[in-house]
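Visitor: I am new to this structure. Could you show me how to read its features, one at a time?

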Amino acid sequence: MRGFHPALAAFSGLPVAERLFVHARLFSAPLEVMASKAKGTRLADIGCGHGVLVALLAVGFPERQVFGLDPDARKIDWARRSIGAFSNVTLETGTVESLAQRRPASFDTLFVADVLYLLPPAQWPSFLSACRALLVPGGRLVLKEAENDGSWRAKKALLQEQVMVKLLRRTHESGAIGFEPRATLERALQETGFSLVESASLTRGYTTPHVLFVAECA
Ligand SMILES: C[S@@+](CC[C@H](N)C(=O)[O-])C[C@H]1O[C@@H](n2cnc3c(N)ncnc32)[C@H](O)[C@@H]1O
């Protein structure tokens, strides 16, 4: 059943509100589909939040090394308290730009789930270039966003995110909250030098217009 992956047992020691959040996150976003796109063993989740996707990538895969990064120290603290003791997981507080300077060409696959919508589009080139710099030649980026397709789902998702960021303050503001059309996201990836391998709607069964991109360094 969606939202009850065995890897979530790692979060069972968290306070109930955080535990519920983690289960709701897995129920409402296709993180398992993202995890299925991993290539290679050196993996990183950029903007990992509580670390749900890191858990999906790491639990049961001892051959992998999974790195989780987020600028929000509160979230990295929740992640450390749940998956931080796993020998194949490393967690850090910081931005993708700072990590790219310290560890260029270090990862086979990079995951980014629902981060770009928090950044003004003018910051996307810097963010995506840093992602590219972190990947080995031929490395893979697995990116998920919600797309602005003009549907009721897009309007609902925007309202939901405004509540999460501005009212509940569960996610720190990073300069914007907004969804862009799929073509804008595809163009941003291509302009950063990524070749698009897959661009797929994952809306079915969800109330958010999820869109998944798999792109590789040309
Ligand atoms: C909506 S949350 C998604 C969290 C997680 N990816 C998930 O799917 O559950 C967006 C995350 O992006 C992080 N973030 C914002 N700007 C970032 C940046 N420049 N580099 C890395 N992460 C960033 C935020 O702190 C936040 O935790």
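Guide: Strand pairing comes first. Two strands pair if DSSP finds at least two bridges between them. This is a predicted model. In it, glutamate 198 has valine 214 in β7 as its bridge partner.

Visitor: How many bridges join β6 to β7, and how do the strands run?

Guide: Strand β6 (residues 194-201) is joined to β7 by seven bridges, and the two run antiparallel. Strand β7 (residues 210-217) is also joined by seven bridges to β5 (residues 135-146), again antiparallel. There, leucine 143 has phenylalanine 213 of β7 as its bridge partner.

Visitor: Now a helix. Which residues of α4 are buried?

Guide: A residue is buried if 20 or more other C-beta atoms lie within 10 Å of its own. In α4 (residues 73-83), the buried ones are Lys75, Ile76, Trp78, Ala79, Ser82 and Ile83. They lie on the same side of α4 because they cover an arc of only 155 degrees around the axis.

Visitor: Which residues touch the most other members of the largest nonpolar core?

Guide: That core has 59 residues, and Leu53, Val54, Leu110 and Cys131 touch the most other members. Helix α3 supplies the largest share, seven residues. Leaving out residues up to four places away in sequence, valine 54 touches Asp45, Cys48, Val66, Gly68, Ala79, Ile83 and Val89.

Visitor: Which residues come nearest to the ligand?

Guide: Of the 22 residues around the ligand, the nearest are Gly47, Gly49, Asp72, Ala113 and Val115. The elements that give two or more residues to this shell are α3 and β2. By class, the shell holds eleven nonpolar, six polar and five charged residues.

Visitor: And the backbone angles?

Guide: Most residues other than glycine have a negative phi. Alanine 105, which is not a glycine, has a positive phi near 50 degrees. Aspartate 114, likewise not a glycine, has a positive phi of about 55 degrees.

Visitor: Where are alanine 105 and aspartate 114, and is each buried or partly exposed?

Guide: Alanine 105 is in the loop between α5 (96-102) and β4 (107-113). It has 13 C-beta neighbours inside 10 Å, so it counts as partly exposed. Aspartate 114 is in the loop between β4 and α6 (124-134). Aspartate 114 has 20 other C-beta atoms within 10 Å, so it is buried.

Note on methods
Residues numbered from 1 in each chain as written. Predicted model: local features only at pLDDT ≥ 70, side-chain atom pairs only at ≥ 80, totals over all residues. Buried ≥ 20, exposed ≤ 12 C-beta atoms within 10 Å, placed from the backbone. Helix = DSSP H or I, 4+ residues; strand = E, 2+ residues; numbered from the N terminus. Arc of directions from axis to C-beta. Core = buried A, V, L, I, M, F, W, Y, C linked by C-beta atoms within 7 Å. Contact = placed C-beta atoms within 7 Å. Near = placed C-beta within 6 Å. Nonpolar A, V, L, I, M, F, W, Y, C, P; charged D, E, K, R; others polar.
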